[in-house]
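This report is written for a reader meeting the structure for the first time. Please keep the sequence and the model at hand while reading.

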Amino acid sequence: MKAGLEVHQQLATGKLFCDCPSDLTEVVEGSFARRLRPASGENRAVDAATSFQAARGLLYRYEISNASCLVEMDEEPPHPLNPAALDVALTLALLLHARPVDEIEVMRKIVVDGSNTAGFQRTALVAVDGVLELGGKRYSIASICLEEDAARKVREADGEVTYRLDRLGIPLVEIATGPEIETGAEARAVAEEIGALVRATRRARRGIGTIREDVNVSAERGRRIEIKGVQELRKIAEYVDREVGRQEVLLHVADELRGRGASLDGTRVTDLTTVLGSVDTGPLARPARKGGPILGLRLPGFAGLLRAPPGSDERLGRELADQARSVGLRGLLHSDELPAYGVDAGHLEKVRVALGAGPNDAFVLVADGDSVRAHAALERVRVRATAAIEGVPGETRDPLPDGRTRFSRPLPGRERMYPETDIAPIPITPEHLARLASRLPESLSALRDRLARETGLARELIAQLVAAGESDTFEELVRRGHAPAIVARLIVQDLPNVPRPEGAEPPALPTRVLDELLRAQASGHFAKEGIPNVLAELARGAPDLSAAIERAGLSGFSAEDLERLIERVVAANEAIVRDRGDAAFSPLMGDVMREVRGRRDGQEVAAALRRAIALRRADPAP
Amino acid sequence: MSGADPDDPWSLLRSARAGQRLELKDDRGRTWTGTLVPRPDSADDGVVQLKLDSGYNVGVRVSPGSQLRFLPPESERTPTAPQGRARTAGGNGPWVSLLTTGGTIASRVDYETGGVRPVQDEGEILDFYPELQAEGPVRIVPVFDRLSEDIAPDDWVTLAARIVAEFTDGAQGVVVAHGTDTLAFTSAALSFLLQDLPGPVVLVGAQRSPDRPSSDGPSNLAAGVRVARSPLVGEVLVVMHAGLSDGRFAIHRGTRVRKMHSSRRDAFESRNGPPIGYVDADGVHWDREVRPAASGPPRLDGPIDRAGGLLYSFPGLPPESAEAFAKDLRGLVLAGTGLGHVSSVHLDWIRRAVAAGKVVAMTTQCLEGNVDPFVYATGRELQRAGVVYLGDLLPEVAYAKLLWALGHASDPRAVEALLLSDVAGEFEWRHRSGGDS
């Protein structure tokens, strides 16, 4: 297996080709609707991905936000490329020992899924030939590009897709590695390191969705598969490993098909509407197909190869069904999963006769209210089944939440790129590079070494801090006099674990508030154990720290209150204290902590309790 | 490639054509492999542009130490020659003639170099826009090849003559594809030059170039062709996007329309009143009275005289500069301020110009509303000096009309009378408002 990564990180520099902020918003001010056509349809060489998307003929609606202007609406030419974003990309080139190009040419990459109002994404190659060293291994950095992010899809219904323009035009720096990654775990580590490197420039946007990975995977003998838009780093390893598993199954199927001499030559789509007219439940029943036809396609030599092999969940049948879905069908039925879905053995026999299918042949069935669409689906199935004899076709796949991926479109080719004539070429001068080189951020390895040396914390913890991109906050809080261990725990453990709605970002609390929080804790307003509760209240919207402490129920328990409580507990357990001496500590500690957890520090409680027990024992019995 | 010095990279490059595959080793030892791309507005700065195999273009600095080697073309990437077939397409029956005036009506990407190439061949245009023939045949007629800003008054007459010829030949309607910068000048001029039209003349343009999938050109063109098929309509119209969305198009009278934005799709607006109709998915809707089609043959009502000018007034405009501008002209349209004013320092030369037989006419920079000489003293003095006030005529329309009027009369009073007469629905007599809400 060989894998390469493309890491896309949004930048907080303002948009790439206009003067809008790079912020997302829930404020929608209006909308408009457009259609796209492949402007550059050179009939015989039209890019596969482009024609595939354009064939779907959808209407696109765009929501205008207060973070968009006429440029995002494709109503005004692009402004010159954002120099701050360019500096970030060049800085990363220098950090990765890459070679900046002599002159940047902004390109248009045709994307007619509606996610770009212009019908293309602007992108520019900034540097090549870099290298990343990690864990004793060298990964080549094939390219560093600067491109504009696409509009974000809000909803899709009835042939209309709605996008919001706020994300369109946010700069993305794209860092692509060579195909040198060998395991899923390695892929995740490389992605994290690159992400941390971009954050080290201090111009990265933060939060969910601001970093996205494309993973290119080729199993041995397999073709390149691009898994596009993985948002959760921790899932990368799973996607890679499952993709390898998928390719292994499909390669095995290909071997078997070739051994059987399978071929789709001479097969044709057959109308089975009358043959299966008596099916009255399931997807083929008349109401489910809205009166449309039932169509079948024979797959000669495919019998038994559409289902998953033992011990695997991957199967060719699903790949074929994905093709049907890609033109808008709900799916298809194949012979390896029948009889079922309202189709019984009697039906199957009639279908086999109608299709001329022998015992070695499989077949697929589709039904849809739209006859043209149903035919288009089977044409795609035919193309995909033919490719299955060869092996694994190269394609772009979407990551699914369960770790699987699904076909989205053919791999785009270089044919869809042409120059953005609205932007003049940008020369990169040695003086410009020298200026950036003189103020490079500290390299990640140097940063990790220094923090370990200065704080004495475990290297693992330091690595987590750096990977989270929070070393600045950490250093600031330590500089303000807080203990490194407490600050580190606050950042890598307490903050990420603050309870929040599914999918929401961890709270972004200002360093000033974190400082106050640690200060209040240190001066005894509440215990270390109470920190998560106070953070939760702050995240839930407490107006200030004292309100958060109050709402967490941690306020108003002073050292004197503690003394009084211990006095009471010891007095109530006088007999145990006198009988068991120091062994009385544990049960009494439990009683006290039940009352004060989070409000007073555990060590303080323990010390006070030991003192009280000793005093009581020293006292003469009454 | 003969004559090139193999050791001099620049000599080799000069001998190479765009589309040549090559390998360039730069002075830092990095080898770039790609296709030579024509560099737009190339400065002589030692940089060549290559399209890499990834599809990206980059600029590579060539120095004396660079090494260059030509590579054979990739066999499967031979360029596909356009298969142009000049024709009228879309079957038999009444046709619409589509006149092209230059600029880019359609574009294709050249996959060898990644450059964009305009489609000008008639057959190729029809291949590109199959939807134009949805309701009947279309005939493509190239008239000239000019950018909008290069279209001159003489071209208006050439275009008008060609339109008359198309109607005489039997066209149901005529569509003119025109660059947007000066489209409204041309639509106004054609409105005066073309009389007794048996069908609509529709000008269309594009605010987004056709080299992008989002171009408004194709849908404007399709809407224009639909309008051109309207029977019973005999005037010059402009059809462009009505708003930001695709799917609704405004029909403007050729003399009432103005480009009001440098880049938006809905840049064209009727001034001083609503558009006369719209096109949407349901068809063509007429909201206002249109000039009916004539039953007789169309007439080119020329000639024009180019000895007219348009001068935008501004605070500080030196009277001697204005007088010098008017020196060789027979007539001048002033775009004045407000109700139609220029500074009183101009009164002297205006009196001299009028005395010398020149026509001086007044319009307003406000674009909306009438000019009126009676409200302020300066207006009264300008009128007494001989300035003729042109109601709510747009300055550009007044200029086009002036050239037409100068071509039709030699006596200044007769020119003024033509300027003030309603020739093509160019005056909006009632100005209405819907209130504040």
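**Chains, confidence and domains**

The structure is a predicted model. Chain A has an average pLDDT of 88, and 95% of its residues score at least 70. An exception to this confidence is the stretch of residues 40–47 of chain A, where pLDDT stays under 50; the model has 22 contacts beyond four places in sequence for that stretch.

Along the principal axes, the C-alpha atoms of chain A fill a box of roughly 105 × 70 × 50 Å. Chain A contains 19 helices and 21 strands, and 45% of its 622 residues count as buried. Of the contacts in chain A between residues at least 6 apart in sequence, 74% join residues at least 24 apart.

Three domains are assigned in chain A: domain 1 (2–38 + 46–224 + 413–419), domain 2 (257–393) and domain 3 (559–618). The centres of domain 1 and domain 2 of chain A, taken over C-alpha atoms, are separated by 37 Å. Chain B is divided into domain 1 (9–75), domain 2 (88–300) and domain 3 (308–420). In chain B, the C-alpha centres of domain 1 and domain 3 lie 57 Å apart.

**Nonpolar cores**

The largest nonpolar core comprises 103 residues. Those with the most contacts inside this core are Ala89(A), Leu92(A), Val126(A), Ile144(A), Val173(A), Val215(A) and Val534(A). Helix H3 (residues 184–200) of chain A supplies the largest share of the core, with nine residues. Another core, of 93 residues, lies apart from it and includes Trp156(B), Ala160(B), Phe249(B) and Leu403(B).

Leu92(A) illustrates the contacts made in chain A. When its neighbours within four places in sequence are left aside, Leu92(A) is in contact with Ile144(A), Val173(A), Ile175(A), Leu197(A), Val198(A) and Thr201(A).

**A sheet with strands from both chains**

Seven strands form an open sheet with antiparallel pairing, in the order E21(A)-E5(A)-E4(B)-E3(B)-E2(B)-E1(B)-E5(B). At its edges stand strand E21 (426–427) of chain A and strand E5 (67–71) of chain B; each has a single partner strand, so one side of each is left without a neighbour in the sheet. Within the sheet, strand E2 (residues 31–37) and strand E3 (residues 47–52) of chain B run antiparallel and are joined by four bridges. Leu36(B) has Leu50(B), in E3(B), as its bridge partner.

**Backbone details**

| Peptide bond | Geometry | Omega |
|---|---|---|
| Leu338(A) to Pro339(A) | cis | near 5° |
| Gly302(B) to Pro303(B) | cis | near -10° |

Pro339(A) is placed in the loop between strand E16 (333–334) and helix H6 (345–355) of chain A. Tyr341(A) is also found in the loop between E16 and H6 of chain A. Its phi is near 55°, a positive value in a residue other than glycine. Tyr341(A) counts as partly exposed because it has 16 C-beta neighbours inside 10 Å.

In chain B, Pro303(B) lies in the loop between strand E20 (299–300) and strand E21 (308–312). Leu232(B) is placed in the loop between helix H5 (217–228) and strand E14 (236–241) of chain B. Phi of Leu232(B) is near 75°, a positive value in a residue other than glycine. Leu232(B) has 12 C-beta neighbours inside 10 Å and therefore counts as exposed.

Notes. Residues numbered from 1 in each chain as written. Chains lettered and ligands numbered in written order. Predicted model: local features only at pLDDT ≥ 70, side-chain atom pairs only at ≥ 80, totals over all residues. Core = buried A, V, L, I, M, F, W, Y, C linked by C-beta atoms within 7 Å. Buried ≥ 20, exposed ≤ 12 C-beta atoms within 10 Å, placed from the backbone. Helix = DSSP H or I, 4+ residues; strand = E, 2+ residues; numbered from the N terminus. Contact = placed C-beta atoms within 7 Å. Domains from an automatic or database assignment. Pairing = 2+ DSSP bridges. pLDDT = per-residue confidence, 0-100.
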